[in-house]
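Open the model in your viewer and keep the sequence panel beside it. The tour below goes from one selection to the next and says what is there.

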Amino acid sequence: MVLVDLRQVREELNLTQKGMAETLGIGLTTWKNYESAKRKPPKEIVEKVECLLRDYQEARDHEMDTAVTYSEEDIKEYLLNALDEKGALKPVFVDLVNRYMQMWKTSIELEHDINKNGVSVMGATGPKKNDSVALLVNVNKQMLIVLDKLGLNANTIKPEDGADV
């Protein structure tokens with residue numbers, strides 16, 4: 001892998017320049033010179049940066065892979081079964097379940113964004129709140145409202161093995 005933008009790599013690792021320098025065991029000024037392309041980093045530093053980035057990406061990917069406990073199909077099936085058990089499996093309620101599933105997908109995307117970028121991101125004038133945090137709170141509230149309107153709660157949508165959905 002060829003590193004083109006060391007600043008971008010450092011930011012993806014959520015490190016300050018000082019933190020990056022300390023992680024690599026080099027001086028802050030040395031790192032700043034590498035990042036600004038005033039000096040070319042030696043091969044061993046490039047390899048360390050590549051290794052850090054690879055480890056970070058693998059950890060992030062693993063975290064994202066394990067973040068979703070149930071599949072979309074499982075959740076939809078649990079909701080529809082709960083409605084059926086209540087005798088409420090009507091088209092209007094099935095439509096609400098479909099809308100709930102759209103919100104569920106949105107919530108997963110927002111969680112991935114937060115996991116990737118953190119709760120604050122770099123804006124044009126410096127760090128700012130990651131909008132995904134507030135959006136996720138709102139989407140989750142809306143999801144709970146839909147469940148409430150369907151007359152469902154966590155007790156009514158537990159799978160047969162007793163685990164929480």
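Start with Lys-128, which is partly exposed, with a relative accessible area of 39%. The model you are looking at is predicted. Side chains of opposite charge can pair when their charged atoms come close. How many salt bridges does the rule give? The count comes to 6.

**Two salt bridges within helices**

Select Asp-95 and Arg-99 next. Both residues lie in helix α6, 4 residues apart, which is about one turn of the helix. Asp-95 forms a salt bridge with Arg-99, with 2.8 Å between the closest N and O atoms. Asp-95 counts as partly exposed, at 35% relative accessibility.

Now move to helix α4, residues 43-67, and pick out Lys-43 and Glu-47. These two are likewise 4 residues apart, about one turn of the helix. In the salt bridge between Glu-47 and Lys-43, the closest N and O atoms are 3.9 Å apart.

**Helices α5 and α6**

Colour residues 72-85, helix α5, and residues 91-117, helix α6. Their axes come within 10 Å and cross at roughly 150 degrees. An angle over 145 degrees counts as roughly antiparallel, so α5 and α6 are roughly antiparallel to each other. The crossing of the two helices is right-handed.

Which residues make the contact? On the α5 side, show Glu-72, Ile-75, Lys-76, Leu-79, Leu-80 and Leu-83. They meet Phe-93, Val-94, Val-97, Asn-98, Tyr-100, Met-101, Trp-104 and Lys-105 in α6. By class, this contact of α5 with α6 has 10 nonpolar, 1 polar and 3 charged residues.

**Positive phi in the loops**

The next stops concern the backbone. Most residues other than glycine have a negative phi. Select Asn-14, in the loop between α1 (6-12) and α2 (17-24). Phi of Asn-14 is near 60 degrees, a positive value in a residue other than glycine. Asn-14 is partly exposed, with a relative accessible area of 49%.

Then go to the loop between α3 (28-35) and α4, where Ala-37 lies. Ala-37 is not a glycine, yet its phi is positive, about 65 degrees. At 64% relative accessibility, Ala-37 counts as exposed.

**Helix α2 and what follows**

For the last stop, return to α2. Which of its residues are buried? Gly-19, Met-20, Ala-21 and Leu-24 are buried in this helix. Step past the end of α2 to Gly-25, which follows the helix and has a positive phi, near 75 degrees.

Methods: Residues numbered from 1 in each chain as written. Predicted model: local features only at pLDDT ≥ 70, side-chain atom pairs only at ≥ 80, totals over all residues. Heavy atoms only, no water. Axes fitted to C-alpha atoms, helices over the stretch in contact; angles between N-to-C directions. Parallel < 35°, antiparallel > 145°, perpendicular 65-115°, else oblique. Left-handed = near helix turned anticlockwise from the far one by under 90°. Contact = heavy atoms within 4.5 Å. Nonpolar A, V, L, I, M, F, W, Y, C, P; charged D, E, K, R; others polar. Salt bridge = Lys/Arg side-chain N within 4 Å of Asp/Glu carboxyl O. Buried < 20%, exposed > 50% of the residue type's maximum accessible area, 1.4 Å probe, protein only.
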